[in-house]
Amino acid sequence: MKANFIKFFSLLFVVALGLTVSCDNDDAAGAPAIESVSLATNDSLVTDGFANNMYIIRGKGFNSTKKIYFNDVDTYFNSTLVTDNVIFVTIDKNTPYENAPSELKVVTDGGTATYSFRILPPAPTVKSFNPVNVADGEQFTIYGSYFLDPVVTVGGVQAEIVSSSLTEIKAVMPVGSNHKYITVTTPSGASTWNTAVGTAIYDDVFYSPWTIEAWNNHSYLTSLTDAYQGTTFIKKNIAGWDNIQGNWGWDESVSQYTGIHFAIRSDDAGKLVLIFNGTGWGDATRAVTTGKEWKDYKFTWEQLGGRPAALQNISFQEFTGSAHNYYFDNIGYTVD
């Protein structure tokens, strides 16, 4: 990193020296030409770039530069960082990257030089996918951001994309995807969601035999923006030391999993105790803290006393002694 900065400022020094020469040799303006673009921090050649980063444009005929455009956005530049052969310029943070011409233009007294140069969005972010328990060959939806020219893989196997936008992808689950992780890759990077396929107890719905009985007086809220996973999550105002109880069931397939996970938040600072298979009431070692932001918690079988013969019940006990609004989402098994 230190070497990069030394190189960067050395380049600036060279530009400064060049300015005095170019001012003395400012002949009639010739037509400009762009030969290459480099990332300023390490002077590496690039064919695309990111907003709010500085780049070096190399070519000729830049002395009389009047305008610089990235994707038709009039981009500010410091004239003291321009010579006949080099321009240092920072791409405007509001430069569009979707439905844009992917073009750099330098306008001078001698004409306009154009150069193919793509502006990329930030790296993608996968917020969730739904349904979690999607079977091979069925369609599922990925939610997130910056999905420009996406490629979807599940456990390294590419999935067929049905449709996509910057915030949503519909794809078909490839064969052999159970217990694998979904990754979205774009020219800007990659993002993997932290829940494996086929591991849900609750995503937007409960999977049999699990549910929460109506007498808990809980509710289901639907909001893509506010949910941790998918679009729908659970809310209950839990009085001090009270609880929200899942129903009792029996799932003896736990040997294929390593534990359980769940996401929780609250309107203010709270604390809950995980009640697993009816045990743990008042056990501070199983307490989790909550706040306004979602937190994803994992408990291994070892933390829960060893791998059980079956999963029978998941409940939560309020542990601050006062009432709070608690929210629950993305309840399921872990596989690693």
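Two strands pair if DSSP finds at least two bridges between them. A strand here is a DSSP run of E of at least two residues, a helix a run of H or I of at least four, and both are numbered from the N terminus.

Before I go on, the sources. This is a predicted model, in which local features need pLDDT of at least 70 and side-chain atom pairs count only at pLDDT 80 or more, while totals for chains, interfaces and linings use all residues. Residues are numbered from 1 along each chain as its sequence is written, and side-chain values use heavy atoms, with hydrogens and water left out.

Let me stay with β21, which covers residues 232-238. On the β28 side, Ile238 stands opposite His324. β21 also pairs with strand β20, residues 219-222, through four bridges, again antiparallel. There, Ser219 is set opposite Lys235 of β21. Why is β21 said to be largely enclosed by the rest of the structure? The reason is that five of its seven residues are buried. Buried means under 20% relative accessible area, exposed means over 50%, and partly exposed is in between, using a 1.4 Å probe and protein chains only.

Next, the cores. A nonpolar core is a set of buried Ala, Val, Leu, Ile, Met, Phe, Trp, Tyr and Cys residues joined through side-chain atoms within 4.5 Å. In soluble globular proteins, nonpolar side chains tend to be buried together. The largest core in this model has 30 residues, and Ile260, Phe316, Phe328 and Tyr333 touch the most other members. Elements giving two or more residues to this core include β21, β23 (259-266), β26 (295-300) and β28. Which element gives the most to this core? That is β28, with four residues.

Take Ile260 as an example. Contact means heavy atoms within 4.5 Å. Leaving out residues up to four places away in sequence, Ile260 touches a list of residues that includes Leu274, Phe276, Tyr297, Trp301, Ile314 and Tyr333. Another core, of 24 residues, lies apart from the largest one, and among its members are Phe147, Ile169, Ile182 and Phe233.

Not counting residues up to four places away in sequence, Thr153 touches Gln158, Ala159, Tyr181, Ile182 and Thr183. Its relative accessibility is 19%, so Thr153 counts as buried. The C-alpha atoms of Thr153 and Ser223 are separated by 26 Å, and the two residues are 70 apart along the chain.

Now the rings. Rings of Phe, Tyr and Trp (its six-membered ring) pair if their centres lie within 6.5 Å; planes under 30 degrees apart count as stacked, over 60 as edge-to-face, and the rest as tilted. How many aromatic pairs does a search of the whole structure find? The search finds 17. In one of them, Phe233 and Trp294 have ring centres 5.8 Å apart and planes at 90°, so that pair is edge-to-face. Phe233 lies in β21 and Trp294 in the loop between β25 (287-290) and β26, so the pair ties together parts that are 61 residues apart in sequence. Phe233 is buried, at 2% relative accessible area, and Trp294 is buried too, at 18%.

A tilted pair is formed by Phe262 and Tyr297, with 6.2 Å from centre to centre and 35° between the planes. Phe262 belongs to β23 and Tyr297 to β26, so this pair ties together parts that are 35 residues apart in sequence. Phe262 has a relative accessible area of 1% and is buried. Ring pairs also link Trp193, Tyr228, Phe233, Trp294 and Tyr327 into a cluster.

Tyr327 has a charge over its ring as well: the charged end of Arg265 sits 4.2 Å from the ring centre. For this, NZ of Lys or CZ of Arg must be within 6 Å of the ring centre and within 35 degrees of the ring normal. Lys105 likewise lies over the face of Tyr69, at 5.5 Å from the ring centre.

Last, two items from earlier in the chain. Strands β8 (residues 103-108) and β9 (residues 111-116) pair antiparallel over six bridges, and a hairpin of two residues joins them. Leu104 stands opposite Tyr115 in β9. There is also an open sheet of four strands in the order β2-β1-β4-β7, with antiparallel pairing. Its edge strands are β2 (44-45) and β7 (86-90), each of which pairs on one side only.
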